[in-house]
Each structure stands twice: as structure tokens, then as C-alpha cells.
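This briefing sets out the fold, the strand pairing, the core and selected residues of one protein model. The sequence and structure come first, and the points follow by topic.

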Amino acid sequence: MAKRLDLSYNEDPEVQTFGMEIPDEMGILRDHTVTDDDLQGGATLRDLNLPHGIRVMMVRRDGHFLVPHGSMELVAGDHLIIIMGESDD
């Protein structure tokens, strides 16, 4: 799933995190642009079935920042700020 969502990297890509920074021990920030392929299994954030340890922190759409939730409808072109790290669930 991580490869399908282009969330697995062999090297560190240039990341657009909109000025957000977190300590290294909290995880790694990545940005992901939603594609039509991402939405094949459904259009909500919950439908993405993200791998364990990956959380969407923010969605940027048309210049607006949105707080994500599972039932949020995504559209191709949305930018997701994700954090990859350990999870407590």
C-alpha cells in the first residue's frame, strides 16, 4: 500500500511541508498529492487504508488548509501532509 500511495522512498525526496517542522524522534513528514489512482478504492480519507504508523496531519485544497477526518471526501490534486512514525494503536 505504501508503494501504491508513493509513500515508500529509497532516498529523501524534496518535501513541501508548508513550513511545518517536527523533531526527528516524532517521525518523518512527507507530502503526497492525491491522484485518481489513490481514489480507486473510494474517495474518503478512510478509504485510503494507510499503512500502520502513517497519519494525515493536514489537507491543502485550493490554497485552503483543512483538518482531516476519516469521512473527508478527497479529490485528485489534494495535498496531504503525512507523518510516518510509530503509532500507539
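The protein has zero helices and four strands, where helices (H or I, at least four residues) and strands (E, at least two) are DSSP runs numbered from the N terminus. Along the sequence, these elements follow the pattern β-β-β-β. The model is predicted, so that local features need pLDDT of at least 70 and side-chain atom pairs count only at pLDDT 80 or more, whereas totals for chains, interfaces and linings use all residues. Residues are numbered from 1 along each chain as its sequence is written, and side-chain values use heavy atoms, with hydrogens and water left out.

**Confidence**
- The mean pLDDT of the protein is 81, and 69% of its residues reach 70 or more; pLDDT is the predictor's confidence in each residue, from 0 to 100.
- Confidence is lowest in E1, with a mean of 88, and highest in E3, at 93.

**Strand pairing**
- Strands E2 (residues 54–61) and E4 (residues 79–84) run antiparallel and are joined by six bridges; two strands pair if DSSP finds at least two bridges between them.
- Within this pairing, Ile-54 stands opposite Met-84 in E4.
- E2 also pairs with strand E3 (residues 64–66), in the antiparallel sense, over three bridges.
- Arg-60 stands opposite Phe-65 in E3.
- E2 and E3 form a hairpin, with two residues between them.

**Surface and contacts**
- Of the 89 residues in the protein, 31% are buried; buried means under 20% relative accessible area, exposed over 50%, and partly exposed in between (1.4 Å probe, protein chains only).
- The accessible surface comes to about 5,900 Å², and 47% of that surface belongs to carbon and sulfur atoms; accessible areas come from the Shrake-Rupley method with a 1.4 Å probe, and for residues only the protein chains shown count as cover.
- Among contacts between residues at least 6 apart in sequence, 69% join residues at least 24 apart; contact means heavy atoms within 4.5 Å.

**Nonpolar core**
- The largest nonpolar core has twelve residues, among them Val-34, Leu-45, Ile-54, Val-59, Met-72, Leu-80 and Met-84; such a core is a set of buried Ala, Val, Leu, Ile, Met, Phe, Trp, Tyr and Cys residues joined through side-chain atoms within 4.5 Å.
- E2 and E4 each supply at least two residues of this core.
- Leaving aside neighbours within four places in sequence, Val-59 is in contact with His-64, Phe-65, Leu-66, Pro-68, Met-72, Asp-78, His-79 and Leu-80.

**A buried histidine**
- His-32 lies in strand E1 (residues 28–33).
- His-32 counts as buried because its relative accessibility is 8%.
- The His-32 side chain makes a polar contact with the side chain of Asp-38, at 2.7 Å; a polar contact is a pair of N or O atoms within 3.5 Å, and within protein one must be able to donate a hydrogen and the other to accept it, while residues adjacent in sequence count only if both atoms are side-chain atoms.

**Positive phi values**
- Most residues other than glycine have a negative phi.
- Asn-49, found in the loop between E1 and E2, has a positive phi near 50 degrees.
- Asn-49 is exposed, because its relative accessible area is 53%.
- Asp-62, in the turn of the E2–E3 hairpin, has a positive phi of about 50 degrees although it is not a glycine.
- Asp-62 is exposed as well, with a relative accessible area of 71%.
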